[in-house]
Amino acid sequence: MRAKRQDHEKYQGRLDEFYSCLTKVPYGAAIPATRQAYALETIRPGRQYAVYVCRYCGYYHVGRKSARKRQEF
């Protein structure tokens, strides 16, 4: 079960893991995660999403691209 964003106080000292992993949906493969990223970009025009392998759980997650990554495209 995913953690809720309002529960961030419970994860002090683990906030990077909390925001990078615990609040995200885990995907077992890159293709379904990529499909979800494209769907989110369609639903929310102007936002860009990226798929990444989580260093905490090893699954794929979808997250918004950082400002540095957005400038690369």
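Modeller: In this predicted model, α2 and β2 each supply at least two residues of the lining of the largest pocket, and β2 gives the most to that lining, with three residues. The largest pocket has a volume of about 440 Å³; 16 residues line the largest pocket, and the closest to its centre are Arg2, Arg5, Thr23, Lys24 and Val62. By residue class, the lining of the largest pocket divides into seven charged, six nonpolar and three polar residues.

Turning to α2 itself, this helix takes in residues 30–43, and its 14 residues should span 20 Å at 1.5 Å a residue, which agrees with its end C-alpha atoms being 20 Å apart. The buried residues of α2 are Ala33, Ala37 and Leu40, and, seen down the axis of α2, these buried residues fall within an arc of 65 degrees, so they line one face of the helix.

As for what lies against the buried residues of α2, the covering elements include β1 and β2. Both strands, β1 (49–53) and β2 (60–64), are also among what covers the buried residues of α1, which in that helix, residues 15–22, are Glu17, Phe18, Ser20 and Cys21.

How values were computed
Residues are numbered from 1 along each chain as its sequence is written. This is a predicted model: local features need pLDDT of at least 70, side-chain atom pairs count only at pLDDT 80 or more; totals for chains, interfaces and linings use all residues. Side-chain values use heavy atoms; hydrogens and water are left out. Buried means under 20% relative accessible area, exposed over 50%, partly exposed in between (1.4 Å probe, protein chains only). Helices (H or I, at least four residues) and strands (E, at least two) are DSSP runs, numbered from the N terminus. Contact means heavy atoms within 4.5 Å. The expected span of a helix is 1.5 Å times one less than its number of residues. The arc is that of the directions from the helix axis to the C-beta atoms. On a 1 Å grid over the protein atoms alone, a cavity is a set of points where a 1.4 Å probe fits but cannot get out, and a pocket is an open set with protein on both sides within 12 Å along at least five of seven lines; lining residues have an atom within 4 Å of a point. Grid points are joined across faces, edges and corners, and a volume is the space filled by probe spheres set on the points. Ala, Val, Leu, Ile, Met, Phe, Trp, Tyr, Cys and Pro count as nonpolar, Asp, Glu, Lys and Arg as charged, and the others, Gly among them, as polar.
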